[in-house]
Amino acid sequence: MTTAQESLVGGWTAYHALTPQDQKVFDEAMRGFVGVKYTPQLVSTQLVNGTNYRFKCVASMPPSEIVWDAIVEIYSPIEGVPHVVAITRI
(Lines give C-alpha, C1' and ligand atoms only; values in the text may rest on other atoms or scores of the structure.)
Protein backbone atom coordinates (compact mmCIF):
# COMPACT_ATOMS: atom_id res chain seq x y z
CA MET A 1 0.00 0.00 0.00
CA THR A 2 1.38 3.43 -0.89
CA THR A 3 0.98 6.54 1.18
CA ALA A 4 -0.75 9.63 -0.17
CA GLN A 5 2.63 11.37 -0.48
CA GLU A 6 4.09 8.52 -2.56
CA SER A 7 1.23 8.64 -5.05
CA LEU A 8 0.97 12.45 -5.22
CA VAL A 9 2.60 13.84 -8.36
CA GLY A 10 5.11 16.47 -7.30
CA GLY A 11 5.35 15.26 -3.68
CA TRP A 12 8.62 13.90 -2.27
CA THR A 13 8.65 10.50 -0.57
CA ALA A 14 10.30 10.03 2.80
CA TYR A 15 13.92 8.86 2.60
CA HIS A 16 14.09 5.09 2.36
CA ALA A 17 16.49 2.26 1.48
CA LEU A 18 17.46 2.03 -2.18
CA THR A 19 15.71 -0.45 -4.42
CA PRO A 20 17.68 -2.17 -7.21
CA GLN A 21 16.05 0.31 -9.66
CA ASP A 22 17.17 3.30 -7.54
CA GLN A 23 20.73 1.93 -7.53
CA LYS A 24 20.60 1.45 -11.32
CA VAL A 25 19.53 5.09 -11.83
CA PHE A 26 22.34 6.28 -9.52
CA ASP A 27 24.95 4.15 -11.29
CA GLU A 28 23.84 5.32 -14.77
CA ALA A 29 23.89 9.01 -13.79
CA MET A 30 27.30 8.74 -12.08
CA ARG A 31 28.96 6.73 -14.88
CA GLY A 32 32.21 8.45 -15.82
CA PHE A 33 32.19 10.71 -12.75
CA VAL A 34 35.72 10.94 -11.34
CA GLY A 35 37.27 12.48 -8.24
CA VAL A 36 34.88 12.21 -5.32
CA LYS A 37 33.34 8.80 -4.61
CA TYR A 38 29.65 8.96 -3.63
CA THR A 39 28.06 5.96 -1.91
CA PRO A 40 24.25 6.25 -1.67
CA GLN A 41 22.69 5.35 1.69
CA LEU A 42 19.06 6.50 1.32
CA VAL A 43 16.86 7.96 -1.41
CA SER A 44 13.81 10.20 -1.72
CA THR A 45 11.89 10.45 -5.00
CA GLN A 46 9.52 12.90 -6.65
CA LEU A 47 7.31 11.95 -9.58
CA VAL A 48 7.30 14.66 -12.23
CA ASN A 49 7.64 14.33 -16.01
CA GLY A 50 10.10 11.57 -15.18
CA THR A 51 11.49 11.15 -11.66
CA ASN A 52 13.64 13.36 -9.45
CA TYR A 53 15.91 11.58 -6.98
CA ARG A 54 17.68 12.88 -3.87
CA PHE A 55 20.32 10.40 -2.79
CA LYS A 56 21.80 10.86 0.71
CA CYS A 57 25.39 9.77 0.21
CA VAL A 58 28.64 9.30 2.06
CA ALA A 59 31.33 11.06 0.04
CA SER A 60 35.08 10.52 0.05
CA MET A 61 38.07 11.37 -2.07
CA PRO A 62 40.36 8.34 -2.08
CA PRO A 63 43.06 7.84 -0.91
CA SER A 64 42.11 10.37 1.82
CA GLU A 65 40.24 8.94 4.78
CA ILE A 66 38.15 12.11 5.19
CA VAL A 67 34.43 11.53 4.56
CA TRP A 68 31.41 13.81 4.51
CA ASP A 69 27.69 13.64 3.74
CA ALA A 70 26.20 14.91 0.51
CA ILE A 71 22.94 14.99 -1.39
CA VAL A 72 23.21 13.94 -5.03
CA GLU A 73 20.20 15.12 -7.03
CA ILE A 74 19.46 13.18 -10.21
CA TYR A 75 16.75 13.59 -12.82
CA SER A 76 15.63 10.50 -14.73
CA PRO A 77 13.48 11.41 -17.75
CA ILE A 78 10.72 9.08 -18.95
CA GLU A 79 12.88 8.34 -21.99
CA GLY A 80 16.60 8.97 -21.96
CA VAL A 81 19.55 8.74 -19.62
CA PRO A 82 19.44 9.87 -15.95
CA HIS A 83 21.78 12.77 -15.18
CA VAL A 84 23.13 14.63 -12.16
CA VAL A 85 21.38 17.94 -11.50
CA ALA A 86 23.23 19.02 -8.34
CA ILE A 87 25.54 17.80 -5.60
CA THR A 88 25.33 19.51 -2.22
CA ARG A 89 27.65 18.91 0.72
CA ILE A 90 25.68 18.68 3.98
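**Burial, sheet and rings in a predicted model**

In this predicted model, buried residues make up 34% of the 90 residues in the protein chain.

Q: What radius of gyration does the protein chain have, and does it agree or disagree with a compact globule?
A: The C-alpha atoms fill a box of roughly 45 × 25 × 20 Å along the principal axes. For 90 residues, a compact globule would have a radius of gyration near 12 Å. The value for the protein chain agrees with this: 13 Å.

Q: Which residue in strand 2 is the bridge partner of Pro40?
A: Strands of a sheet pair through backbone hydrogen bonds, either parallel or antiparallel. Strand 1 and strand 2 (residues 50-60) pair in the antiparallel sense, over 11 bridges. The partner of Pro40 in strand 2 is Cys57.

Q: Is Ser76 buried or exposed?
A: Ser76 is found in strand 3 (residues 67-76). Leaving aside residues up to four places away in sequence, Ser76 touches Val25, Gly50, Thr51, Tyr53 and Pro82. Its relative accessible area is 13%, and the cut-off for burial is under 20%. Ser76 is therefore buried.

Q: What kind of aromatic pair do Phe26 and Phe55 form?
A: A pair of aromatic rings is described by the distance of the centres and the angle of the planes. For Phe26 and Phe55, the centres are 5.0 Å apart and the planes stand at 65 degrees. An angle over 60 degrees counts as edge-to-face. The pair is therefore edge-to-face.

Q: How many residues apart are Phe26 and Phe55?
A: Phe26 is in helix 2 (residues 20-30), whereas Phe55 is in strand 2. Phe26 counts as buried at 3% relative accessibility, and Phe55 counts as buried at 0%. Their pair links distant parts of the chain, and the separation is 29 residues.

Q: What is the angle between the planes of Phe33 and Tyr38?
A: Phe33 is partly exposed, with a relative accessible area of 39%, while Tyr38 counts as buried at 14%. Their rings form a tilted aromatic pair, 5.8 Å centre to centre. The angle between the planes is 55 degrees.

Q: Which residues form one aromatic cluster?
A: A search of the whole structure finds three aromatic pairs. One of the pairs brings together Phe26 and Phe55. The cluster consists of Phe26, Phe55 and Tyr53.

Q: Over which ring does the charged end of Lys56 sit?
A: Charged side chains also lie over rings in this model: Arg54 is over the face of Trp12, at 3.8 Å from the ring centre. The charged end of Lys56 is 4.3 Å from the centre of its ring. That ring belongs to Tyr15.

Conventions. Residues numbered from 1 in each chain as written. Predicted model: local features only at pLDDT ≥ 70, side-chain atom pairs only at ≥ 80, totals over all residues. Heavy atoms only, no water. Helix = DSSP H or I, 4+ residues; strand = E, 2+ residues; numbered from the N terminus. Buried < 20%, exposed > 50% of the residue type's maximum accessible area, 1.4 Å probe, protein only. Contact = heavy atoms within 4.5 Å. Pairing = 2+ DSSP bridges. Phe/Tyr/Trp six-rings, centres within 6.5 Å; stacked < 30°, edge-to-face > 60°. Lys NZ or Arg CZ within 6 Å of the ring centre and 35° of its normal. Rg over C-alpha atoms; globule rule 2.2 N^0.38 Å.
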